[in-house]
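Opening the notebook on this one. I want to look up a loop residue, a helix crossing and a few charged pairs.

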Amino acid sequence: MTSELDIFVGNTTLIDEDVYRLWLDGYSVSDAVALRVRSGILEQTGATAAVLQSDTMDHYRTFHMLERLLHAPPKLLHQLIFQIPPSRQALLIERYYAFDEAFVREVLGKKLSKGTKKDLDDISTKTGITLKSCRRQFDNFKRVFKVVEEMRGSLVDNIQQHFLLSDRLSRDYAAIVFFANNRFETGKKKLQYLSFGDFAFCAELMIQNWTLGAVDSQVDDMDVDLDKEFLQDLKELKVLVADKDLLDLHKSVVCTALRGKLSVFSEMEANFKNLSRGLVNVAAKLIHNKDVRDLFVDLVEKFVEPCRSDHWPLSDVRLFLNQYSASVHSLDGFRHQALWDRYMGTLRGCLLRLYHD
Amino acid sequence: MPGKLKVKIVAGRHLPVMDRASDLTDAFVEVKFGNTTFKTDVYLKSLNPQWNSEWFKFEVDDEDLQDEPLQITVLDHDTYSANDAIGKVYIDIDPLLYSEAATVISGWFPIYDTIHGIRGEINVIVKVDLFNDLNRFRQSSCGVKFFCTTSIPKCYRAVIIHGFVEELVVNEDPEYQWIDRIRTPRASNEARQRLISLMSGELQRKIGLKVLEMRGNAVVGYLQCFDLEGESGLVVRAIGTACTLDKLSSPAAFLPACNSPCKEMKESPLVHPPSHGCRSTQNSPIHTATGSRLTQNFSVSVPTLIYTGMGSGSAGKEGGPFKALLRQQTQSALEQREFPFFTLTAFPPGFLVHVGGVVSARSVKLLDRIHNPAFVGIMGNTRSYKLLDWNSFNADEPETRDAWWAEIRQEIKSHAKALGCHAVVGYSESTSICEEVCILSASGTAAVLNPRFLQDGTVEGCLEQRLEENLPVGCGFCHIPYDELNMPFPAHLTYCYNCRKQKVPDVLFTTIDLPTDATVIGKGCLIQARLCRLKKKAQAEANATAISNLLPFMEYEVHTQLMNKLKLKGMNALFGLRIQITVGENMLMGLASATGVYLAALPTPGGIQIAGKTPNDSSYEQHISHMQKKINDTIAKNKELYEINPPETSEEVIGSPIPEPRQRSRLLRSQSESSDEVIELDLSHGKKDAFVLEIDDTDAMEDVHSLLTDVPPPSGFYSCNTEIMPGINNWTSEIQMFTSVRVIRLSSLNLTNQALNKNFNDLCENLLKSLYFKLRSMIPCCLCHVNFTVSLPEDELIQVTVTAVAITFDKNQALQTTKTHIEKSLQRASTDNEELLQFPLELCSDSLPSHPFPPAKEHLESASSNSGIPAAQRAVTVEKASPMGEGNFRNRSAPPCANSTVGVVKMTPLSFIPGAKITKYLGIINMFFIRETTSLREEGGVSGFLHAFIAEVFAMVRAHVAALGGNAVVSYIMKQCVFMENPNKNQAQCLINVSGDAVVFVRESDLEVASTQQAAATCQPLCTGGEVTT
């Protein structure tokens, strides 16, 4: 006796959250059944393995049919085929677009193209996430990217509107889109200690301050691309390190203000010029696409690592950065105060976030 | 020219991409009605076209309005080649033809293609202007309302229940026409869909005409079926019950509080005092005559055809004459009718007087007319092999089919008479077709009805009222309608455990729902008997003969299984019995489903005793005693599980002067094939006697084993195939309707009856287990209206389709009410010695809210003057009597979830929606779909294909209901699900036919404040009234 056909269709579509998770995680039906058996569900319900198999198959079939709609979530809301309560619809969408930290760290800042897709095999092996799940996550990134890439208005709002995601998840996707578009390098070994959250935090700050949308909300691609003019202007900041008098003056103002307040004062004093050169040079180079990509590598190399090797506590880093950015205002020969604030305000936030072990 | 149909095409959305180059579609719409077609403009390059067309107007006869569906075709415009069809929408405009139903159809309809399924949606508005036509000879029957619901619809009142209407139409099946060889599958499917739509329209119109002739205005319990007879054609047939319904216009009637009978009770003191009937002691001549005539007839049909309780004894003191009078009267009302049948399964209070038992008839017919112009009519039941008028039949003519059904109905009628009944209720008909063999089946419950509902209020005399008065309440329907001195079959009767006055059988089988006034102890449960019989492959008559020879044995075994399982559950009555016999190439399948309950009026069932055949073998003895122990344990466990703890009553209290000696009954397993021996079966047995199962062969052993393999549902789950579960009355509004389909392939190696039975049993049990598992989040919950359908699509395939609704209930309250229930029945037992009338339970049923019902008031009058039962208790009954009553006011779930873009449409096979009031019936939904694929693998195999199709069918039903302005479908039924596959060719086809009533419901929580206040107000007079009179 073999079962040829075995289906269950409810007027309200039944969604089992546990099975949905297994499906999203890319497990095959038999693996999912095995995992469910291990969860002790048979003992709880008195069901048999055959029942579990049939149930799992059924749910998988439903999810498979729903997947097409999940690719364009507003369709899920308007379609007539599956009657699903709104709260369940939201859950389906949110979970479908959720991603694994390990996975997103692998592809963050990479071009979302076919070439990268071939690397998914390696990512799957490396992270232990099933290939199927990797594909879903990658396709989600790509789909969101394609839809909002050319769109006007706030990136987060656009994502929220077209994919009906929660605020949190929309922000994360905004970061992913922003990173993918600017191709920030995040995979280098020295960046491995950074989490997706760190990058997403930086992305948000940059979107708010460094993109076109930050100054003019009527421009295309405003939230996705960095403000070219701003980057162009940044080379004006070079004077801070190129002009020796200015650099010395800057150092003395900072040192005067911080004397006795830092536990690593002497190290700071010794390193001031190096650090300042690093930060200003990063700014000056941002006109080149390649250097934009290396932004995080540079920040870690030029600032985070030197401080870390001298064992600066985070509080000292904060005090230093605050003083470092603020004291520029008292440098008489420096005319680009606004530019400096736009640059340093964001950078300070990013650096503080990036400064950890 | 009595009607103008107006259609406006508004917009489309989610259309499929028809032009690969642009990834867009140039869509336009054709609107067709009859032979007139209109077109919209082409809306270029959009998947969401906004046509916003003018109003297309069709001027048509109302006859066409009833027959024709509105056909909307969405196409993709192509300049160079033929336009590609995207899909179609068929809209049945019938609901617009009654004044009280929908006034406009407006909404998003899924665009359906028989090859691709749903492809986007289209927004359409449809209106009808009807002109009054006074032509008396018109062919249309506009205005006759149709209901699938098998009870009087909730917001109506039955003035008269006229009776049975039937009709059938026959046509050639387009799939078998020569043209089918040259046209595409899509064209063929669409031709079929359209034809069936037309035929059902015509059928409905013809039935409507019959109703008008009877001077009715509605058909209740309308059941329409298709017989796909292949080469010999397509039959669409329908049965129903013609009624004259009155709309309850008062808005207050929708309030649940008014549904309670308290209102009527309050008025009762105004009614004239009770009059006492003339009590004649002599038996009516009609009575005896009926009895004797039918005993002959009976000898052939008993063991397999009439499922009733078995019993005999002398008449109750008062029962006889009244029964006779009543019968006389009812008979006169029913005599004019050819078939006194009613498709209803639930009735207005007082309608059902007595229930005799289940009557059924089957007949095997040959559809073949090409190889053999003759056909063999074999009456499955009587086993009299009749060859009917050989050459005069053309199988394609409706007359032939009419004659076939007339024959069967005649037989049903005579069976009912044998049981001393003049009517058949809960009547239904079905067919099973395999190649050229067709089994026609009909079944129902023989009953004695109250004539008051059957004719215009002319019979209202004192006689009738007296009859009413003497009808015991809550147990009356259990009392035997037949003459105990002239028992149509050997049976065992006892005095009713409720009123102690009239005789009742020890077991009662019926096809109807549990009457709302019935007193039930504990909860009920789904009981199924499953059976397979192998049959040799044969042709034509040989095949028909083989089948008709097998049928009685199957019926007998199904009956035995049901009886055994009922005993095992410790219960004594079956409701909603439905026996389906399915014929396949090489086997016959029998599946009987029913809901077992313990009726307080019927005696406690005896246990099951096993007797071995070889008493000398000690190990065998041991085995037997082991089995016996297991059975006894199971019975005890079941009694606990279903909370069956009837009050202990001593023999004295019963005081039953039953004349017959206690007779030990045996259920013989007949080894012989001879039909005569089957008749020897003596199914009677004494009340205290155990039901003896004699194990004389391995077959019997199997049976005993199979008895014990049925696993009870997991805790928190109950199941029944009736509308509601006795003993549960606090439903929440959480419902989930579902359809589940399973097909298994039998390995052809071990095809023995035994293996087959086991496979089939496992299939059904596993299916149930799966359902329990899937719905576990709804616990505590009850699966209601569980409807199994078996078909044998191919040699080694068995298909089982289940549709049911799961309803969550409030556990705490359930416990509470059962307790009061038990207390009440205990009290009843103790007070029963006195000569007092039972308080009128039936008044408390609310199936007919605020029904002006003089005899009921009469009842109340006598009850309140005679009854010694405290009023408080009556209040309890009010609460208990109905699942929709005040009992569940206290707990109801949260209001529906926040606004979504698509309105929620509930679907349920029940006639009501828990926690809600139906305020309007919008018309019947009757839809037929075909889906075909030539890329089965790509669509996820057979399971993926059918899963998607059923989901689409649900979606289309919901869309139509929403467009009518409704928010639910009640009495939903999937009448057909024919699935055929050819995996080698990567093809599959499926036909689905569904129907139901589109309704508008209002949640009780929205009415809460008003209703609770009113309930309190209306109950008050009742309570005080009771106290004063006692």
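Predicted model: local features only at pLDDT ≥ 70, side-chain atom pairs only at ≥ 80, totals over all residues.

**A loop residue in chain B**

I started with B:T40, which sits in the loop between β3 (36-39) and β4 (56-60) of chain B. Is B:T40 buried or exposed? Its relative accessible area comes out at 9%, and the cut-off for buried is under 20%, so B:T40 is buried. I then listed what B:T40 touches, skipping neighbours within four places in sequence: B:I9, B:F28, B:V29, B:W51, B:S53 and B:F56.

**Helix against helix, A to B**

Next I looked at helix α4 (residues 49-70) of chain A and helix α14 (residues 753-774) of chain B. Their axes come within 9 Å and cross at roughly 60 degrees. That angle makes α4(A) and α14(B) oblique to each other, and their crossing is right-handed. Which residues make the contact? From α4(A) I noted A:V51, A:L52, A:S54, A:D55, A:D58 and A:H59, and from α14(B) B:K769, B:S770, B:F773 and B:K774. I sorted the residues of this contact into 3 nonpolar, 3 polar and 4 charged.

**Salt bridges**

Then I turned to charges. Side chains of opposite charge can pair when their charged atoms come close. Searching the whole structure gave me 47 salt bridges over all chains.

I checked accessibility on both ends: A:K126 is exposed at 58%, whereas A:E106 is buried at 18%.

A:R171 and A:D167 also form a salt bridge, at 2.9 Å from N to O. Both residues lie in helix α12 (residues 167-182) of chain A, 4 residues apart, which is about one turn of the helix. I have A:R171 down as partly exposed at 28%, and A:D167 as partly exposed at 36%.

My next pair was A:K190 and A:E301, whose side chains meet at 2.6 Å, N to O. This one links distant parts of the chain, 111 residues apart: A:K190 is in the loop between α12 and α13 (196-210) of chain A, and A:E301 is in helix α19 (residues 295-309) of chain A.

Technical notes: Residues numbered from 1 in each chain as written. Chains lettered and ligands numbered in written order. Heavy atoms only, no water. Axes fitted to C-alpha atoms, helices over the stretch in contact; angles between N-to-C directions. Helix = DSSP H or I, 4+ residues; strand = E, 2+ residues; numbered from the N terminus. Parallel < 35°, antiparallel > 145°, perpendicular 65-115°, else oblique. Left-handed = near helix turned anticlockwise from the far one by under 90°. Contact = heavy atoms within 4.5 Å. Nonpolar A, V, L, I, M, F, W, Y, C, P; charged D, E, K, R; others polar. Buried < 20%, exposed > 50% of the residue type's maximum accessible area, 1.4 Å probe, protein only. Salt bridge = Lys/Arg side-chain N within 4 Å of Asp/Glu carboxyl O.
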